[in-house]
Amino acid sequence: MMQNLHCNFFFVLSSIFFSTTLALPWSQSREFNQAKNYEGSSDFVDLQYHMGPVLASSPINVYIIWYGNWNPTHQSTIRDFIYSLSSPAPYPSVSDWWKTVRLYTDQTGSNITGTISLSGEFYDSKYSHGGSLSRLSMQSIIKHAVTSSYPRALPLNPNNGLYLVLTSSDVKVQDFCRAVCGFHYFTFPTIVGVTMPYAWVGYSGKQCPGICAYPFAWPKYSGRPPPSTNGGNNIMKAPNGDPGVDGMISVLAHELAEVSSNPLVNAWYAGDDPTAPTEIADLCMGVYGSGGGGGYVGVVSKDRWGNGYNVNGVKGRKFMVQWVWNPVKRRCFGPNAMD
């Protein structure tokens with residue numbers, strides 16, 4: 001596989017803290033022809049339901065915490081992606097991509113909701129917890145965002161809230177660019193007051209575009225770029241003009257799919273070890289179109305400027321998001337599939 005699941009452990013009140021992560025696309029192999037999770041391969045996938053909840057309550061209220069010094073253009077791109085999850089756009093669209101995520105159900109048979117609302121934003125531009133963060137710091141940042149009187153606190157919503165901590169280009173995060181590009185978990189009542197799902201994703205445009213902005217950049221040690229839209233080795237152009245934010249959106253899509261289907265790390269995943277679950281997006285790392293795998297992103301589209309994309313969004317936006325595991329077809333799938 002192109003990525004492994006990495007888990008770190010923090011001892012908090014004699015309990016073990018672990019978080020499911022989007023690991024580096026280059027962590028297992030430095031050659032593009034060594035990846036093993038080819039699109040359509042399902043021989044050894046044993047994705048199971050472990051009786052936990054999914055995010056079925058409608059709507060999912062998304063709260064963004066902008067941590068650090070953010071570029072307003074990048075913020076607009078990310079907002080439009082969130083809006084696109086529940087809004088109509090030309091096929092294949094982001095909301096069409098989300099339909100695969102919606103196939104997952106809880107023990108009552110309720111599907112993951114199709115209504116996702118951007119319900120609040122908090123600007124932590126003063127770096128409330130500094131410029132170097134641990135994974136556990138994300139929970140303290142959420143606590144600050146829901147209790148701060150300035151500029152305006154986010155609501156504390158344990159019923160159908162999902163909190164996204166997005167760190168700017170100058171913020172260092174534990175294991176970022178070394179082992180992970182993003183992760184999701186749930187908050188501890190001892191820190192935040194309640195248990196609720198959250199995810200973190202960092203902007204990699206300056207720190208490690210070749211690590212976390214695949215396929216719009218490539219690692220320095222690889223010696224060659226990732227395949228382009230035509231299967232060659234020319235670098236693929238980012239559809240919104242910035243490899244860092246376009247790569248970040250694919251990571252964000254990955255985490256949203258997994259936190260929705262496995263919010264308390266006891267719902268949908270493969271493997272016998274709940275501390276190291278392989279989730280519905282982990283199974284499809286690096287696959288963006290039909291035939292993807294082995295370092296080839298698959299068949300995707302190009303706009304008139306030659307930028308690669310595979311789904312459409314609101315306001316004429318185009319995005320490149322990785323596929324997720326389809327439990328009905330038992331393979332990786334996206335709305336731009338050719339079959």
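# Buried charges and paired rings

Biologist: R331, buried or exposed?
Modeller: R331 counts as buried, at 12% relative accessibility. Buried means under 20% relative accessible area, exposed over 50%, and partly exposed in between, with a 1.4 Å probe and protein chains only. This is a predicted model, where local features need pLDDT of at least 70 and side-chain atom pairs pLDDT 80 or more, while totals for chains, interfaces and linings use all residues. Numbering runs from 1 along each chain as its sequence is written, and side-chain values use heavy atoms, without hydrogens or water.

Biologist: Which side chain does R331 meet in a salt bridge?
Modeller: D339, at 3.2 Å from N to O. The cut-off is a side-chain nitrogen of Lys or Arg within 4 Å of a carboxyl oxygen of Asp or Glu. D339 itself is exposed, at 60% relative accessibility.

Biologist: How many salt bridges by that rule?
Modeller: The count is 7. One of them joins R79 and E121, with the closest N and O atoms 2.9 Å apart. R79 is in helix α1 (residues 72–84) and E121 in strand β6 (residues 116–124), so this pair ties together parts 42 residues apart in sequence. Helices (H or I, at least four residues) and strands (E, at least two) are DSSP runs, numbered from the N terminus.

Biologist: What does D80 pair with?
Modeller: R317, again as a salt bridge, with the closest N and O atoms 2.9 Å apart. D80 lies in helix α1 and R317 in the loop between β15 (311–312) and β16 (318–319), so the link spans 237 residues of sequence. D80 is buried, with a relative accessible area of 4%. A network of salt bridges links D80, K315 and R317.

Biologist: Switching to strands. How many of β11's residues are buried?
Modeller: 6 of 6, for residues 197–202. Both faces are covered. P197, A199 and V201 sit on one side, with Y198, W200 and G202 on the other.

Biologist: Which strands pair with β11?
Modeller: β8 (residues 161–167) runs parallel to β11, with 5 bridges. β10 (residues 180–186) pairs with β11 antiparallel, also over 5 bridges. Pairing needs at least two DSSP bridges between the strands. T167 stands opposite G202, and F183 has W200 as its bridge partner.

Biologist: Which rings form a cluster with F183 and W200?
Modeller: F176 and Y198 join them through ring pairs. Rings of Phe, Tyr and Trp (its six-membered ring) pair if their centres lie within 6.5 Å; planes under 30 degrees apart are stacked, over 60 edge-to-face, the rest tilted.

Biologist: How many aromatic pairs does the structure hold?
Modeller: 16. Among them is W97 with W98, tilted, at 5.9 Å centre to centre and 45° between the planes. Both W97 and W98 are buried. W323 and F333 also form a tilted pair, at 6.1 Å and 45°. W323 is in the loop between β16 and β17 (324–326), F333 in strand β18 (residues 331–333), 10 residues apart.

Biologist: What lies over the face of F333?
Modeller: K329, at 5.0 Å from the ring centre. The charged end of K318 sits over the ring of Y309, 4.5 Å from its centre. The test is NZ of Lys or CZ of Arg within 6 Å of the ring centre and within 35 degrees of the ring normal.

Biologist: How many helices and strands in the chain?
Modeller: 5 helices and 18 strands. Buried residues make up 60% of the 339.
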